[in-house]
Amino acid sequence: MNALEAYTPDAIFRRRNDEIEIEVVGKILRPWLDGIKPGGE
């Protein structure tokens, strides 16, 4: 994994008045580091 892949955002959070807007802009590249168990095991 290169440096650009390591720091690619998964989502953007925006505050709109009293609400939070979430926009998914990428994919999770290292799920094992985000607490997600690998599939197929």
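## Salt bridges

In this predicted model, arginine 14 and glutamate 21 form a salt bridge through their side chains, at 3.3 Å from N to O. Arginine 14 also meets glutamate 23 in a salt bridge, with an N to O distance of 2.8 Å. Glutamate 21 in turn has a salt bridge to arginine 16, at 3.1 Å from N to O. The structure holds three salt bridges, and Arg14, Arg16, Glu21 and Glu23 are linked by them in a network. Side chains of opposite charge can pair when their charged atoms come close.

How exposed are the members of this network? Arginine 14 has a relative accessibility of 29%, so it counts as partly exposed. Glutamate 21 is partly exposed at 32%, and glutamate 23 is partly exposed with a relative accessible area of 35%. Arginine 16, at 46%, also counts as partly exposed. These values fall in the partly exposed class because that class lies between the cut-offs of 20% for buried and 50% for exposed.

## Fold and strand pairing

Strand β1 covers residues 11–16 and pairs with β2 in the antiparallel sense, over six bridges. Strand β2 covers residues 19–24. One of the bridge pairs joins alanine 11 to valine 24 in β2.

The two strands, β1 and β2, form a hairpin with two residues between them. Asparagine 17 lies in the turn and has a positive phi of about 55 degrees.

## Nonpolar surface patch

Which residues make the nonpolar surface patch? Phe13, Ile20, Ile22 and Val24 make it, and the patch has an area of about 460 Å². Strand β2 gives the most to this patch, with three residues. In a regular strand the side chains alternate between the two faces of the sheet.

Isoleucine 22 is found in strand β2. Its relative accessibility is 52%, and isoleucine 22 therefore counts as exposed, because the exposed class begins over 50%.

## Surface and burial

The protein has an accessible surface of about 4,100 Å². Carbon and sulfur atoms account for 52% of that surface.

What share of the 41 residues in the protein is buried? The share of buried residues is 0%; a residue would need a relative accessible area under 20% to count as buried.

## Confidence of the model

The average pLDDT of the protein is 79, and 88% of the residues score at least 70. Where is confidence lowest, and where is it highest? Helix α1, residues 3–6, has the lowest confidence, with a mean of 72. Strand β2 has the highest, at 93. Strand β2 is also the strand that holds isoleucine 22 and that gives three residues to the nonpolar patch.

Technical notes. Residues numbered from 1 in each chain as written. Predicted model: local features only at pLDDT ≥ 70, side-chain atom pairs only at ≥ 80, totals over all residues. Heavy atoms only, no water. Patch = residues over 30% accessible without salt bridge, like charges linked within 9 Å, V, L, I, M, F, W, Y side chains within 5 Å. Areas by Shrake-Rupley, 256 points an atom, 1.4 Å probe, with all protein chains shown as cover. Salt bridge = Lys/Arg side-chain N within 4 Å of Asp/Glu carboxyl O. Helix = DSSP H or I, 4+ residues; strand = E, 2+ residues; numbered from the N terminus. Buried < 20%, exposed > 50% of the residue type's maximum accessible area, 1.4 Å probe, protein only. Pairing = 2+ DSSP bridges. pLDDT = per-residue confidence, 0-100.
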